[in-house]
Amino acid sequence: MPALAADVPAGVTLAEEQTFTYRTLDEFSSLDPQVVEDVDGSNIVRDLFEGLYNQDADGNLVPGVALSHEASADNLIYTFTLRDNAVWSDGAPVTAGDFVYAWQRAVDPELASPYAWYMELMSIENGAAIVAGEMEPSELGVSAPDDRTLVVNLSKPLPYFTKMVTHATTFPAPRWVIEEHGAEWTRPENMVSNGAFVLEAHVPKERSVRVRNENYWDNENTVLETVTTLVIGDDAQGLTRWRAGEVDMTDIPAGQYPALAEEFPDEAFALPRLCNYYFNFNLASGPEAFQDVRVRQALALAIDREVIVDRVLQGGQFPAFTFTPAATADFEVPEVEMASMTQAERDAKARELLAEAGYGEGGEPLSFNYLYNTNEAHQQVAIVATQMWKQKLGIDVTLENQEWKVFLETRGAQNYDMARGAWCGDYNEASTFLDLLTTESGYNDAKFSNARVDELMTEAKSSSDPQPLYTEVEQIVAAEMPVIPIYHYSTNVMLSDAIQGWPMNNVEQNWYSKDLYRVAD
């Protein structure tokens, strides 16, 4: 029997076999903390690696490798004090230098990290210049005066800086392993990590297995012995395997939450989630019609979001008319005209705008392709949206789906007309969403560029009250419509009642296997 975890309630009987098996839709992008760019991959990386801080069940910061931090009076220098009992899985101590190396690596153009822009957002001194290739990675404003002290110099105050260090990109990296094995350092036989689990096996597009890291500083309070991720590319099959007891957790197929919640009231969940779902226009190389804001507005107006969330998805999602979800901390959803209209008014306005632009009935025919990654729910949303455009506006849309990694590459290379977009907050503050719409953002897939938006978001980073700035950004986005907000998430999952400790109230849904445990039947 494994040692009791500190948060297992008294009187609870733990199962003899402490395993957790869950299903994911796609193969993750990477297990390299400085390279991973997707939610599923980050879930695994949080098991394998530990950063300065973790999150508790409510999303609050709790010590990770760092025990505490101090900020200078001007909030430009953060000094983190690291614990002295953190070690890598090979027994080497985790030092402040491991963070310095990882952060320099993340901004190094040679690595070309998909999240290099995130390090820029953290306002670390010289970060932007290094990413641009104008300075050397060694000039990043981060240093280790000794093994237990990490000093970060910022170029400007950032009120939410400490919230950002729970993200995988900021996790430490083992320099000696990376230098020996290169890109293959994340293979099970090569990987050295500092989290509560180590990588035992990885079969691409099939499964990933983590087992307890006996060298983890809090190993005695870890309960689970084995965590297995199974790649099952079909929601219906995932549910079938959950019913058979082959997986402990799986996403609920679109539209099935109400029935499953009635059948399994203690195991079907609609969890709060700090994520948005939207459609990207390709403003760089997409159809010429997309350069006309009236066309973009018409397409946005004609989508009946109530139908999508209430009849198609049926999982507690919220219709979205702004980019930032209402669940975001200290964010007030601004008023935008489209949200106050009835759907009939939106449809009429859409037809009027499209005609003004010279398309639709009596004008030029309009057609384009819509790209999404393979998934039943994404397909259903795509079909319903394109039917609305066809019926209301006479627009023909061809649907194209791709496997996740191919989809990311295609969208990132601007090889699409319109593409599905979604974003889950990297930290709980509105800038994690709105920064995506700045000119230089690495995930500005629409290639939207608005000087006022850039100015407002720069100003917001040092503002004690950024809400008015965020309101103006949202209003510009609603007017320019470079992306079409569709809905804000609620995560619908089937979770076996044998698995306890899930962070139900963490809107970021950052979970750590070290906090979970299996109870006896």
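Mentor: Start with a strand pair. Strand β6 (residues 142-146) and strand β7 pair in the antiparallel sense over three bridges. Two strands pair if DSSP finds at least two bridges between them. Helices (H or I, at least four residues) and strands (E, at least two) are DSSP runs, numbered from the N terminus.

Trainee: What should I know about the model and the numbering?

Mentor: This is a predicted model; local features need pLDDT of at least 70, side-chain atom pairs count only at pLDDT 80 or more, and totals for chains, interfaces and linings use all residues. Residues are numbered from 1 along each chain as its sequence is written, and side-chain values use heavy atoms, with hydrogens and water left out.

Trainee: Through how many residues does the hairpin join β6 to β7?

Mentor: Through two residues. Now look at the bridge partners. Val 142 has Val 152 in β7 as its partner. Tyr 78 also has Val 152 as its bridge partner in β7.

Trainee: How do side chains sit along a strand?

Mentor: In a regular strand they alternate between the two faces of the sheet. As for burial, β7 (residues 149-153) is largely enclosed by the rest of the structure, because four of its five residues are buried. Buried means under 20% relative accessible area, exposed over 50%, and partly exposed in between (1.4 Å probe, protein chains only).

Trainee: How many of the 14 residues of strand β12 are buried?

Mentor: Eleven, so β12 (residues 268-281) is largely enclosed by the rest of the structure. Ten bridges join β12 to strand β17 (residues 483-495), in antiparallel fashion. There, Ala 268 is partnered by Met 494. β12 also pairs with strand β16 (residues 418-424), antiparallel, over seven bridges. Asn 280 has Ala 419 in β16 as its partner.

Trainee: How do I describe two packed helices?

Mentor: By the angle between their axes and the distance between the axes. Axes are lines fitted to C-alpha atoms, for helices over the stretch in contact, and angles run from 0 to 180 degrees between N-to-C directions. Take helix α9 (residues 305-313) and helix α12 (residues 376-393). They pack at about 135 degrees, with axes 11 Å apart. That makes α9 oblique to α12. Angles under 35 degrees count as roughly parallel, over 145 as roughly antiparallel, 65 to 115 as roughly perpendicular and the rest as oblique.

Trainee: Which residues in α9 meet α12?

Mentor: Val 307, Ile 308, Val 312 and Leu 313. In α12 they meet Ala 377, Gln 380, Val 381, Val 384 and Met 388. Contact means heavy atoms within 4.5 Å.

Trainee: What about phi?

Mentor: Most residues other than glycine have a negative phi. Ser 123 has a positive value, near 60 degrees. Ser 123 sits in the loop between α3 (116-121) and α4 (127-131). Its relative accessible area is 3%, so Ser 123 is buried. Gln 414 is another non-glycine residue with a positive phi, about 65 degrees. Its place is the loop between α13 (404-412) and β16.

Trainee: Is Gln 414 buried or exposed?

Mentor: Buried, at 12% relative accessibility. End with Phe 49, in the loop between α1 (39-48) and β2 (53-55). Phe 49 is buried, with a relative accessible area of 1%. Not counting residues up to four places away in sequence, Phe 49 touches several residues, including Leu 31, Trp 88, Phe 171 and Trp 185.
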